[in-house]
Amino acid sequence: MKSSREEVLSITKTLVRQESIVNTDGEKLLAQKLHTMIAGFSYFRHHPDQLVLARTTDDERERHNVMAFVKGTKGKSKRTVLLMGHLDTVGTDDFVHLQEDACHPDRLMEKLQEEALPDTVKEQLDSGDWLFGRGVLDMKSGLASNTYLLKYYSEHPEKLDGNLVYLAECDEEDSSHGILSALNILSQWKEEHSFRYVGAINADFVSPRHTEDRNRYVYKGTVGKLLPSFFIAGAESHVGSCFEGLDPNLIAAELTRQISYNPELCDEADGEVTVPPVSLKQTDLKPGYTVQTALSAFAYYNFFVHSWSPKDVLEKLKGQALAAFENALSIYDERYHQYCKTAGEPVRRIPWPPRVFTFEEMETLLIKEHGKSFTDHMDRFKENLLEDTSLDVRMFSVKVVEEVWKWMADRSPAIVLFYSSLYSPRIRITGETPEEAALNRALDRAIEEVQPMYPHPIKARNFFPHISDMSFVAISDDEEGIEAVRDNNPAWGTKHFVDYGAVRELQIPVINIGPYGMDAHSKLERAEMTYSFEVVPTLTRRVIERLIGTEEEDARIGAPETESGFR
């Protein structure tokens with residue numbers, strides 16, 4: 001087998017040259033181009049039914065996944081490994097005057113020579129070992145490595161005692177329509193071909209954890225991601241009589257102060273700690289300018305988890321919201337007293353106690369009070385709201401909460417806590433199942449064998465630190481945790497639905513072996529070629545062959561030519 005570097009580089013450039021920004025037609029075009037490329041492999045000319053261009057389901061856009069499989073001929077094992085990676089990217093607006101070159105690495109790097117760059121970036125650009133461009137790192141070089149390996153095993157199925165499944169999914173950067181749609185075909189193939197999925201290998205990018213970090217990381221499992229959201233009802237007033245009401249923006253501000261960057265809300269597991277939550281949106285819900293204070297406000301926060309369930313997060317944030325509400329009332333009371341003293345006006349008692357509900361609690365209360373009249377009204381409201389295609393799932397959700405709030409008998413100030421977007425489940429690979437234990441051993445051994453060929457430390461960690469489609473091939477939460485997502489998401493069943501049961505049914509232990517680089521999602525996005533085009537496919541190959549090949553072949557295949565390429 002010839003050295004991987006040149007071929008993975010060539011495939012990477014081919015993929016990058018086709019712009020595939022999420023939620024644009026470029027996603028569809030790249031999927032078609034990739035499908036055509038793979039259809040040209042000799043194996044798939046003879047087995048065209050093992051390659052599909054699969055349109056996503058329940059999706060407002062036309063876009064596709066590319067899926068394929070190779071059946072090994074070494075034996076009769078049904079063990080199956082899944083290779084996965086996404087084909088979409090973020091946009092290119094950040095390239096500004098270099099936007100036309102963003103998807104043309106050679107042109108871009110030539111233009112970058114004329115730019116004022118940080119010293120480290122300039123050294124990397126001049127080294128000849130770094131490739132720049134949109135999607136080079138996140139994650140077309142990882143997808144290129146997987147495509148290269150698919151081609152190799154399609155030419156050498158005799159090296160596999162088992163099966164290799166390939167998935168290039170769209171829409172990872174937004175709503176994961178790609179991987180969620182792929183679940184149906186993965187399950188179908190499992191049934192039709194008796195596949196026994198023993199491991200999945202994702203190829204998303206890895207980066208330094210801090211400026212002095214020289215390690216290259218592989219990951220066992222992944223972080224989970226939630227979007228806890230808050231509807232804040234205030235008490236409106238004319239601005240000329242502001243102390244007659246309660247501005248919900250004051251409560252929202254205290255909520256952000258309470259939650260953003262709060263280390264108490266970092267989740268530790270297996271010696272690793274998530275970054276704390278941070279605000280992603282904070283706004284009031286006034287449609288335009290008036291001299292009346294806002295009726296309500298809306299805020300939501302990124303929230304990562306390693307061990308906490310969605311139910312745990314609701315309980316923790318309910319306490320944080322109550323503290324924020326109390327802080328806001330305390331500030332209000334102090335400033336009201338100062339004002340009354342200065343203005344010579346009498347002080348009245350603040351009439352509002354702090355109140356915090358989860359969406360589930362509020363909805364349960366209203367169903368008890370109003371029964372079918374409430375549920376029928378909300379069903380109609382949500383169906384009608386779907387016609388407004390300008391609403392993303394987050395704004396759709398808060399409008400549902402706003403409508404539900406109108407049914408409350410007591411509409412004095414309160415906070416309603418809910419989830420307004422996709423939950424990407426956390427995955428802990430503990431080694432407790434035979435499949436997890438085998439995957440851990442295969443990865444550890446692969447690192448041990450490849451490390452002498454490469455100068456920088458290759459380290460395994462337990463949680464991939466970014467949102468990824470890894471979250472949808474296995475699940476670590478119990479049913480109670482998933483029910484907390486379902487029952488507290490106002491868009492569930494209309495604007496938003498995830499078949500977590502299908503994820504649980506597959507339950508494929510997953511690791512990440514991906515390209516190394518820096519500044520993903522910026523105009524200086526770049527990948528180190530030696531690691532990304534040589535080490536990554538070698539590590540991935542060795543894990544594959546430990547799981548569905550033999551250790552003897554695993555230690556031999558590709559080693560001589562690859563060793564000479566590592567620098």
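**A short tour of a predicted model**

Let me begin with T12, which lies in helix α1, spanning residues 4-17. Residues are numbered from 1 along each chain as its sequence is written, and side-chain values use heavy atoms, with hydrogens and water left out. When I speak of helices (H or I, at least four residues) and strands (E, at least two), I mean DSSP runs numbered from the N terminus.

Is T12 buried or exposed? T12 counts as buried, at 0% relative accessibility, where buried means under 20% relative accessible area, exposed means over 50%, and partly exposed lies in between, with a 1.4 Å probe and protein chains only. Leaving aside residues up to four places away in sequence, T12 touches L131, K140, S141, A144 and F533, contact being heavy atoms within 4.5 Å. T12 and L143 are 131 residues apart in sequence, and their C-alpha atoms are 7.8 Å apart in space.

L143 brings us to helix α6, where L143, together with K140, T147 and L150, meets L30, L34, M37 and I38 of α2. By class, this contact of α2 with α6 has six nonpolar, one polar and one charged residues; here Ala, Val, Leu, Ile, Met, Phe, Trp, Tyr, Cys and Pro count as nonpolar, Asp, Glu, Lys and Arg as charged, and the others, Gly among them, as polar. Helix α2 (residues 25-39) and helix α6 (residues 136-155) pack at an angle of about 25 degrees, and their axes are 11 Å apart. That makes α2 roughly parallel to α6, since angles under 35 degrees count as roughly parallel, over 145 as roughly antiparallel, 65 to 115 as roughly perpendicular and the rest as oblique. The axes are lines fitted to C-alpha atoms, for helices over the stretch in contact, and the angles run from 0 to 180 degrees between N-to-C directions.

Helix α6 also holds M139, and the peptide bond from D138 to M139 is cis, with omega near -10 degrees. As background, most residues other than glycine have a negative phi, and most peptide bonds are trans. Another backbone feature is at D58, which is not a glycine and yet has a positive phi of about 50 degrees. D58 sits in the loop between β1 (51-55) and β2 (64-71), and D58 is exposed, with a relative accessible area of 78%.

Let me turn to strand β5, residues 163-169, which is mostly covered, as seven of its seven residues are buried. From β5, N163, V165, L167 and E169 point one way, whereas L164, Y166 and A168 point the other way. Which strands pair with β5? Strand β2 pairs with β5 in the antiparallel sense over six bridges, and strand β3 (residues 79-86) pairs with β5 in the parallel sense over seven bridges, two strands being paired if DSSP finds at least two bridges between them. F69 stands opposite V165 in β5, and M84 stands opposite L167.

Finally, there is an open sheet of three strands, in the order β4-β20-β19, with antiparallel pairing. β4 (130-132) and β19 (517-518) stand at the edges with a single partner strand each, so one side of each is left without a neighbour in the sheet. Helix α16 (residues 529-548) packs on this sheet, touching β4 and β20, and its direction makes about 60 degrees with that of β20.

Terms used
This is a predicted model: local features need pLDDT of at least 70, side-chain atom pairs count only at pLDDT 80 or more; totals for chains, interfaces and linings use all residues.
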